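Subject: Structure for your files

Hello,

Here is the structure I said I would pass on. Please have it open while you read the notes below it.

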Amino acid sequence: VVTIGACLVLVRCMGIEAIALGQAIGIGVAAIAALAMLMRGLKFHWPEKMPIKEIAVAGSPLGMSRLYVLLATLGMNILFLTVGSSMALAVFGVVCTLHRFVSSIVAGITQTLVPLVGVFSGERDNTSIRQITRISFSWGGIATAAVAALFVALGGQLGALFGLKGESLGGFQSAIYFYAGYAVLYLCTSLFTGYYNATGRILLANLIPLMQELVMLVGPAYLLARIGLPGVWTAYPLSGALTIGALFVVLMFIKRHKPSLSLPLLLNSELEEQGKYVSFSVPAVPESASEASARIAAFCEEAQMPMKQGMQISMAIEEIITLIVNESGTQGRYDISVRLLILPGTIVLRFRNAGKKFDPIEYYKRNIMGDFEKSLSIIGMKYVAKSAEVIYYRETFGVNNTVIIL
């Protein structure tokens with residue numbers, strides 16, 4: 001983008017339109033190159049039913065966020081131009097540029113959290129959800145706070161780098177303090193948005209960006225503009241604080257109607273209170289299959305599961321681990337994580353392992369189920385394939401996750 005824009009300016013003697021044209025060409029080339037790399041070695045199959053509604057719903061928080069940012073930018077442009085003339089508008093432009101940098105950091109942290117929460121949510125693994133969310137908030141907060149502190153410490157140099165001088169530079173050095181507070185709060189609200197989107201609470205995921213990026217920003221900014229530019233800049237950290245406050249009011253209202261949900265993640269605490277579970281890892285070697293089966297059989301007996309069902313589940317675990325070890329290329333290299341959760345009327349079985357992409361249930365259905373001789377020795381997986389209400393497989397960051405809900 002920068003190279004193309006510079007060439008158009010220097011060689012073709014174009015003006016500001018060169019920047020816009022260079023950006024359009026650069027993004028287009030990058031998109032084509034990324035698509036070519038993505039499709040390399042992949043076969044595209046048009047689905048029988050395109051999940052347009054599901055895609056639109058899942059993408060609505062991010063898509064609407066872009067709209068809110070556009071509307072807020074237009075409103076704040078007018079406000080800064082009215083209150084502080086072109087000097088304030090120049091400062092606002094530099095802060096917006098810095099926000100794009102912070103947004104890339106926040107997006108990276110959020111996009112790491114979302115798929116993991118999606119996997120753990122499907123497994124009903126509240127413990128892992130809490131752990132990964134706590135890590136994301138802790139380390140994400142440290143990273144964002146460090147960047148914000150760097151902006152404050154180097155405010156004068158950053159402003160000069162963008163060509164600000166005199167009164168404009170002084171205005172930027174004052175504004176960066178307000179933006180630093182906003183940046184940390186922006187991380188928190190973004191993580192909440194991604195989390196609620198991953199757990200299927202789409203209304204909450206859409207409410208947060210609406211509040212922070214539009215309603216709680218532009219409204220207070222116009223009200224506080226009466227005390228000058230400091231009042232307008234105060235609206236930025238204030239928007240984050242008000243959004244988090246409004247979010248917790250909504251969460252408390254939800255908990256009032258569903259007391260079993262915990263705050264602020266809205267996890268069902270009855271899973272821990274009523275459920276029984278066992279979780280462990282075994283080396284990816286053939287001997288581990290019988291070891292895991294024995295541990296599961298003992299747990300099922302302790303949990304007073306019917307003997308026949310417990311035997312079928314323990315056999316299924318032994319057979320699935322054997323397939324993973326022999327067919328996924330993990331033998332002797334990684335561990336295989338097994339988790340069994342028993343709830344009233346529901347049993348959740350989960351396998352997780354690193355290695356090449358491998359779905360053991362799909363492999364069974366494709367290569368074993370239809371073969372009479374091979375299927376004679378596979379009893380547990382036959383029960384699982386027949387009795388399961390939900391079976392899904394997902395690969396996340398090179399880790400295979402198979403969840404079976406009986």
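**Notes on the sheet**

Asn353 has Asn400, in β5, as its bridge partner. Please keep in mind that this is a predicted model.

That pair belongs to a region where β3 and β5 run antiparallel, joined by seven bridges. Strand β5 covers residues 399-405, and seven bridges also link it to β4, again in antiparallel fashion. On that side, Val390 sits opposite Ile405 of β5, and Ile391 faces Ile404 of β5.

Which strands make up the whole sheet, and in what order? There are five, arranged β1-β2-β3-β5-β4 in an open sheet with antiparallel pairing. The edges are held by β1 (276-283) and β4 (390-396); each has a single partner strand, so one side of each has no neighbour in the sheet. On average, neighbouring strands are turned by 10 degrees against each other, direction ignored.

A helix also packs on this sheet: α3, residues 52-123, touches β2 (335-343), β3 (346-354), β4 and β5. The direction of α3 makes about 155 degrees with that of β4.

Is β5 mostly enclosed or left open? Six of its seven residues are buried, that is, under 20% relative accessible area, so β5 is largely enclosed by the rest of the structure.

Regards

Methods. Residues numbered from 1 in each chain as written. Predicted model: local features only at pLDDT ≥ 70, side-chain atom pairs only at ≥ 80, totals over all residues. Heavy atoms only, no water. Pairing = 2+ DSSP bridges. Helix = DSSP H or I, 4+ residues; strand = E, 2+ residues; numbered from the N terminus. Axes fitted to C-alpha atoms, helices over the stretch in contact; angles between N-to-C directions. Contact = heavy atoms within 4.5 Å. Buried < 20%, exposed > 50% of the residue type's maximum accessible area, 1.4 Å probe, protein only.
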